Every structure is written in C-alpha cells, then in structure tokens.
Amino acid sequence: MSTSTIAPQRDLFSVPEAVCYLNCAYMSPQLRAATEAGREAAALKSQPWQLRPEHWFGQVEEARACFAAVMGCTADDVALVPSASYGIATAVRNTRIDAGQTLVLLDEQFPSCVYPWRRLAAETGARVVTVPRPGDDDWTAAILESIESHTGLVAVPGFHWAEGGRIDLAAVGEAARRVGARFVVDLSQSAGACPIDLAAVDPDWLCAPAYKWLLGPYSTGFLYVAPRNHDGIPLEENWIARRGSEDFSRLVDYQDEYREGARRYDMGQRSNFVLLPMVLAGLEQLLAWEVPRIAESLGVLTARLEEIAAGHGFRALPEALRAPHILGLKREGGLPADLLARLREHDVYMGIRGDALRVSPHLHVTDADLERFRAALASIF
Ligand SMILES: Cc1ncc(COP(=O)(O)O)c(C=O)c1O
C-alpha cells in the first residue's frame, strides 16, 4: 500500500459490521456527519423565523465553492441542479445542432444521457451515432473513430456506468473541439472518486449528481458550465437567479440581469435548507481526504476484490482500461439469475448492470468485508 492511500474509514459511516456494501455506483452510504447535518437542518423549518440570509444565499455559495474545489474550477462555473437529467436538459437547451450533423453517444449509455439527445436529433434532423461496445475494451479509440467532420456533439461519461470502462476525456474533448462539436460530460460515476483535469478535458457542460461518489443526498447535484456558455438560456426563469434577489421587499422590481457566471442555471428552490448542509458534509469530507488519494485507495480495494473474484471464474476489464473504483465482473456462461439474492443472504450487496456484476466500494470497506465477499462467492460458485 502506498503512503498516500487512506485507511478504511468505517467509523465515519453507519454501515453495520455484518454488512458488506459494495454498491456505491448505485448509491453511496451516507456519512454520519451528513446524517447529523440533515437531522439538525430538518428542524429548521419548524421555526421559519430562524431562517437567515445565510440559509438562502450563504450555504448555496459554500456548496458551489466546495464542488468547485473538488473539481478544480471556480465557483462561477458551477450551477446547482437536482439531477444529471436536469444538467443534460440545460445543455440540450443551449446546444445548436443542424440537420445532417451527428450526435455521438455510447452503446448502453445511461438513459438520462440518451433520451434528451435523441429528442434533439429528432427535432433537428440530426442523427445519433452510437459507438458500439469495443471488442478490445478500448472505449476511447472507438469514440475517436466515430467523431467525424460533421459531428455536432459528443456526449459521454468519464467511465461506462455498467462495467467501469475508462474513457480518456481529454483525448475525446480535443477531438470534439477539432471538428467544432459541443462536448458534454456525464461525471455521475466518478465526480468525487477520481480526479479530473478540467482544463485539459474542457467540456462545454459537465453534470454530477451528489448521491453517488460525492457522498451527498439524493435530488442534489452540480452542473459545471464552461465560461464560454455562461450567457446561455436557463431551463427556468426563477426569481432567485436574478440580480438583487437578496432584497425580498423589491422582488417585483423585475430584473433582466442574471446573477454572475453559471448561477443563472441554478434550479428553482436551490436554497434547500435541509439538503445543502448534507451536501456540504460530503464535499468537505472529500476535500479532507483529497480526490487523488480516494482514487488510489479505491483502486487498491478493487484490485483485491478482482483477485478474489478471479478465483471464482470472474474477469474484469484490464486495469489500464477500467475505473479505479468500479469493477464490472463477467463470467463465462453469464451470471445466475438469483445471484444478487444469494449474495444478499450473506449480507453482501452489489449490483448487476448488463451481464456484469458491478462492484463499487468506498472507504467504509474493511478487510472483514473482503473476507465476507470471498466467503459469499465460495459458497455460491
Ligand atoms: C452514468 C449515470 N448518469 C446519470 C445517472 C443518474 O441520472 P439522474 O441524476 O438523472 O437520475 C446515473 C445513475 O445511476 C448514472 O449511472
């Protein structure tokens, strides 16, 4: 183990000793600190006279700044959104596509990032090009091959959600820019778990819901907006995104101007008094651990899990082509239909996406969990 890896952090989570939870790509377990922050915040609305400007404006800016620190951008580039879908819808609203252009997506990409682009293609006479799953597992090369002079958009994740296949976003972004295509990134499956060099990737739009690797609550998330798109059209025309909305007595002095930067894209009711303190608890913990160290530590865990699974006939993508934090384990002849139920009997939890058993740990995972995983596989296979 290298000196920069992080030891198991079980005490910071409420996962019982007997439970082996390896399904963070579905939903990460909540930090105790986030539960506590949420409990306190939930009481606030029983005394609405206690609400202060900090609850309307301060927490929002703190969350924006913390996400910016995790991503390596400025707070001005960040909007608060409820979901990846909302972020993608904002990107669609601001993407001009002409008839005859192509929109490059991936085979079996997450549906939130497929349906909106399909609609845009249908409305404009553009064509969706679906990059087939590559036989050699190299998604990056396959995507690069699909980008042509008439490509108008490339919309991809950092890692394929089903089996963790890695995509070199910097290379794809460069290829997209070379042909003048918009570049939209869904970082749902890696924001907070793996570092990203935003300057090199240079996406037009990038979305990240908080409930997975950002260790936040459901129905919260972020949208990174490149400065070149700060003057676009938001999905909503909500009052708090306008300049001067701090003065509640003058809200009907209607303002044409938005707040600065990406704030115009904030969702309505973005000042979520209950959820934002929980979002902040997650982001602050990530900043304390440091994302590159999280990635390295999760990489050690997935390598150990892969080794255990290999003993029972499973194989994952080659390490260089997969995520450090998501393992897609496939098996000759496929997976038993009742596999998840049988794993659950051992209190071992993970997911199946396509034909892969998807294993995705976080820092709550201990050696005892690895032994539980080993014992469960040994009893099933
Ligand atoms: C790659 C990817 N994108 C997006 C989402 C979630 O989308 P939304 O926030 O729109 O529910 C998921 C959820 O599993 C996902 O795996």
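Modeller: One term to start with. A residue counts as buried if 20 or more other C-beta atoms lie within 10 Å of its own. Also, this is a predicted model.

Biologist: Fine. What share of the chain is buried?

Modeller: Buried residues are 44% of the 381 in the chain.

Biologist: What radius of gyration does the chain have, and what would a compact globule have?

Modeller: The chain has 21 Å. A compact globule with 381 residues would have a value near 21 Å, so the two agree. Along the principal axes, the C-alpha trace spans about 70 × 55 × 40 Å.

Biologist: How many helices and strands?

Modeller: There are 11 helices and 13 strands. Take the contacts between residues at least 6 apart in sequence: 73% of them join residues at least 24 apart.

Biologist: How is the chain divided into domains?

Modeller: Domain 1 is 10-30 + 290-380, and domain 2 is 40-287. Their centres, taken over C-alpha atoms, are separated by 28 Å.

Biologist: How many residues are in contact across the two?

Modeller: 23 residues of domain 1 are in contact with 22 residues of domain 2. On the domain 1 side, helix 9, strand 10 and strand 13 each give two or more residues. Helix 9 gives the most there, with five.

Biologist: Now the core. Which residues touch the most other members of the largest nonpolar core?

Modeller: Val154 and Leu223, out of 110 residues in that core. Helix 8 supplies the largest share, eight residues. Both domain 1 and domain 2 give residues to this core, so it lies between them.

Biologist: What is valine 154 in contact with, apart from its neighbours within four places in sequence?

Modeller: Val104, Ile147, Val172, Ala176, Ala181 and Phe183. As a general point, nonpolar side chains in soluble globular proteins tend to be buried together.

Biologist: And Leu223, where does that sit?

Modeller: Leucine 223 is in strand 8, as the bridge partner of cysteine 207. Strand 8 covers residues 221-225 and runs antiparallel to strand 7, with five bridges joining them.

Biologist: What is on the other flank of that pairing, at cysteine 207 in strand 7?

Modeller: Aspartate 186 is also a bridge partner of cysteine 207. Strand 6, residues 182-186, pairs with strand 7 in the parallel sense over three bridges.

Biologist: Why call strand 7 largely enclosed?

Modeller: Because five of its five residues, 205-209, are buried.

Biologist: Which residues sit on which side of strand 7?

Modeller: Trp205, Cys207 and Pro209 are on one side, with Leu206 and Ala208 on the other. All are buried, and both faces are covered. The general rule applies: side chains in a regular strand alternate between the two faces of the sheet.

Biologist: Which residues of helix 2 are buried, and what do they pack against?

Modeller: The buried ones are Gln59, Val60, Ala63, Arg64, Cys66, Phe67, Val70 and Met71. They pack against strand 2, helix 7, strand 8, helix 8 and helix 9.

Biologist: And helix 3, how many of its residues are buried?

Modeller: Seven of its 10, so to speak mostly covered. Among them are Tyr86, Ile88 and Val92. The cover includes strand 2, helix 4, strand 6, strand 7 and strand 8.

Biologist: Last topic: what is the strand order in the open sheet of four strands?

Modeller: The order is 9-10-13-12, with antiparallel pairing. Strand 9 and strand 12 are the edge strands, each pairing on one side only.

Biologist: How many bridges pair strand 10 and strand 13?

Modeller: Three, in the antiparallel sense. Leucine 327 has valine 359 of strand 13 as its bridge partner.

Methods: Residues are numbered from 1 along each chain as its sequence is written. This is a predicted model: local features need pLDDT of at least 70, side-chain atom pairs count only at pLDDT 80 or more; totals for chains, interfaces and linings use all residues. A residue is buried if 20 or more other C-beta atoms lie within 10 Å of its own, exposed if 12 or fewer, and partly exposed in between; C-beta atoms are placed from the backbone. Two strands pair if DSSP finds at least two bridges between them. The radius of gyration is taken over C-alpha atoms; the globule rule is 2.2 Å times the number of residues to the power 0.38. Two residues are in contact if their C-beta atoms, placed from the backbone, lie within 7 Å. A nonpolar core is a set of buried Ala, Val, Leu, Ile, Met, Phe, Trp, Tyr and Cys residues joined through C-beta atoms within 7 Å. Domain bounds come from an automatic or database domain assignment.
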